Amino acid sequence: MRRTIDRLSLHQIDSVNVLARAHYLPAFSRLGGYDRGLLEAAAWGRRPERRLFEYWAHEASLLPLDLHPLLRWRMARADRGETGWAAMRRYATEGRVEAEAILARIRADGPLAASDFEEGKSGSGWWAWGDTKRALEWLFWAGHITTATRRNSFERVYDLTERVIPPAILALPTPDEADAHRALIARSAAALGIATETDLRDYFRLKPDDARPAIAALVEEGVLIPTHVAGWPKIAYLHRDARRPRRIQGAALLAPFDPLIWERARTDRLFGFHYRIEIYVPAEKRRHGYYVLPFLLDDRLVARVDLKADRQNARLIAQRIGLEPHAPPETLERLRLELRRMADWLGLAEVVERVKGIEPSS
């Protein structure tokens, strides 16, 4: 688990829970049926157990603690009102008194969620935030508070950063922005192995003006090796420690927010696999389903399956299965084995294929 966390550098968080929360799935894809309590302890346990913190990286993410200094520049920009959504940026200026009052209450009362404040509870919908929630999120973005724990499986509970992040991490020096950008690009490259400039800066959502000097510096240092990949229109960068195995064997179901496939153009370049998440597409217009997981078999994406965890009846439901044109004959057998493993991991007794037939993906 620790090696996986360090190698990936982040686990993206998402609110959709039709199968399992997104941050649990990348470790399952790589490790199999691990104890989810290990990730929870690392993310929200007490200080001796805590190895992760929450912040905006690729999106909302769980990150190893040693990345905290590398993201303080982003916190500082948010504190100055230079980043973040417009509705949040006002708390860096004219709304700062309101934000400071919320911060003072957390300082006095201890960890609090938005619903603990009068009129602080979010309305219907993930983005239906009230003023208190927006102020809390600005304080979070600016690094004044962070997530102490999660309540009712997902609601973020905030506390002062200095009461959550271990003192040894807070005491680490803050690098200047250029050094931090260079270190983040290096982490991206180590996770991806080979990537274009767009791929590298997308990992931690760096802007081009921040990423390009970092990439150039890493090339000069020999950390990144410029190279050409057949069929790729842009130059690629190979991390100096990346190794090409003689053979790739394995099988894994990949979450929509897995780092291997979250940059959809890279997924197409690497695997010839066109993938778009269709959660926000009207049901009648979806091509492949609501929560579709690509299936990686050896070194190819060979299928996709629309999955749902029916927790009340202890069933993992495959609502649709689509095979890629190049899927080998053993694809379904291997896929069903992975579905059984996932069901066991989620504590579901039965796997149900609620499909009219196995369809071609395209």
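1. At what angle do the axes of helix α6 (residues 96-109) and helix α7 (residues 131-141) cross? Before the answer, a word on what you're looking at: this is a predicted model, where local features need pLDDT of at least 70, side-chain atom pairs count only at pLDDT 80 or more, and totals for chains, interfaces and linings use all residues. Residues are numbered from 1 along each chain as its sequence is written, and side-chain values use heavy atoms, leaving out hydrogens and water.

2. Now the answer: the axes of α6 and α7 cross at roughly 80° and come within 10 Å. That makes α6 roughly perpendicular to α7 (the label covers angles of 65 to 115 degrees). Axes here are lines fitted to C-alpha atoms, over the stretch in contact for helices, with angles from 0 to 180 degrees between N-to-C directions. Helices are DSSP runs of H or I with at least four residues, and strands are runs of E with at least two, numbered from the N terminus.

3. Who touches whom? On the α6 side you'll find R96, A99, I102, L103 and I106, which meet T132, A135, L136, W138 and L139 in α7; contact means heavy atoms within 4.5 Å. By class, this contact has eight nonpolar residues, one polar and one charged.

4. Next, have a look at α10 and helix α12 (residues 208-221), which pack at about 70° with axes 8 Å apart. So α10 is roughly perpendicular to α12. From α10 come H181, R182, I185 and A186, while α12 brings D210, A211, A214, I215, A217, L218 and E221. The classes here are seven nonpolar, one polar and three charged.

5. On to the rings: the count comes to 10 aromatic pairs, taking rings of Phe, Tyr and Trp (its six-membered ring) with centres within 6.5 Å. Take Y55 and F140: their centres are 6.0 Å apart and their planes at 40°, so the pair is tilted (stacked is under 30 degrees, edge-to-face over 60, tilted the rest). Y55 sits in strand β2 (residues 52-56) and F140 in helix α7, so the pair ties together parts 85 residues apart in sequence.

6. Finally, the lining of the largest pocket: its residues divide into 22 nonpolar, six polar and 13 charged. Among the elements that each supply at least two of the lining residues are α10 (177-192), α13 (264-271) and β12 (300-310).

Notes:
Ala, Val, Leu, Ile, Met, Phe, Trp, Tyr, Cys and Pro count as nonpolar, Asp, Glu, Lys and Arg as charged, and the others, Gly among them, as polar. Angles under 35 degrees count as roughly parallel, over 145 as roughly antiparallel, 65 to 115 as roughly perpendicular and the rest as oblique.
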